[in-house]
Amino acid sequence: PTIFGGCSELCCKSTFPVRNVKGEEAATITKMPPKNCCGCLDEIATDVDTYKVEFGEGTSPEDKAAILSTAILTDYMFFEGDDGICKSKPNGDVVCTFFMCYCCGSTCPCCLTINNKNSSPG
């Protein structure tokens, strides 16, 4: 996907197709959005994520093991490296991440910063 993470995790699926060396789709890794209010709270407050991995027909056990390790790497690369949906900075500012954009191998956050007007310049 080109847009993922942040607040978009609360309502949107992120799907990652996995292809074999022949270019055929071997599996699909999908990060699932929360199903209920408790799931939303888990998503906001923790690093708990839910994934669905669907294997193509005829996928060998070795390929399945490689695909499962790909799912773990995908979680680490795209969803564990961010600062969460909302965070507070030491100066009292609050930063909310709406989503992350992926382009040409790099990620760029789309954020809103709410400045703490009571903080003194540092």
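Visitor: Which residue in β6 is the bridge partner of I3?
Guide: C101 is the bridge partner of I3 in β6. This is a predicted model, where local features need pLDDT of at least 70 and side-chain atom pairs count only at pLDDT 80 or more, while totals for chains, interfaces and linings use all residues. Residues are numbered from 1 along each chain as its sequence is written, and side-chain values use heavy atoms, leaving out hydrogens and water.

Visitor: In what sense do β1 and β6 pair?
Guide: They pair in the antiparallel sense, over two bridges. Strands (E, at least two residues) and helices (H or I, at least four) are DSSP runs numbered from the N terminus, and two strands pair if DSSP finds at least two bridges between them.

Visitor: How many bridges join β6 to β7?
Guide: Nine, with the strands running antiparallel; C96 stands opposite L112 in β7. C96 is also the bridge partner of C86.

Visitor: Switching to α2: which residues are buried?
Guide: I67, A71, T74, D75, F78 and F79. They lie on the same side of α2 because they cover an arc of only 100° around the axis, taken from the directions from the helix axis to the C-beta atoms. Buried means under 20% relative accessible area, exposed over 50%, and partly exposed in between (1.4 Å probe, protein chains only).

Visitor: And which are exposed on the other side?
Guide: E62, I72, Y76 and M77.

Visitor: What do the buried ones pack against?
Guide: β1, β2, β3, β4 and β6, with contact meaning heavy atoms within 4.5 Å.
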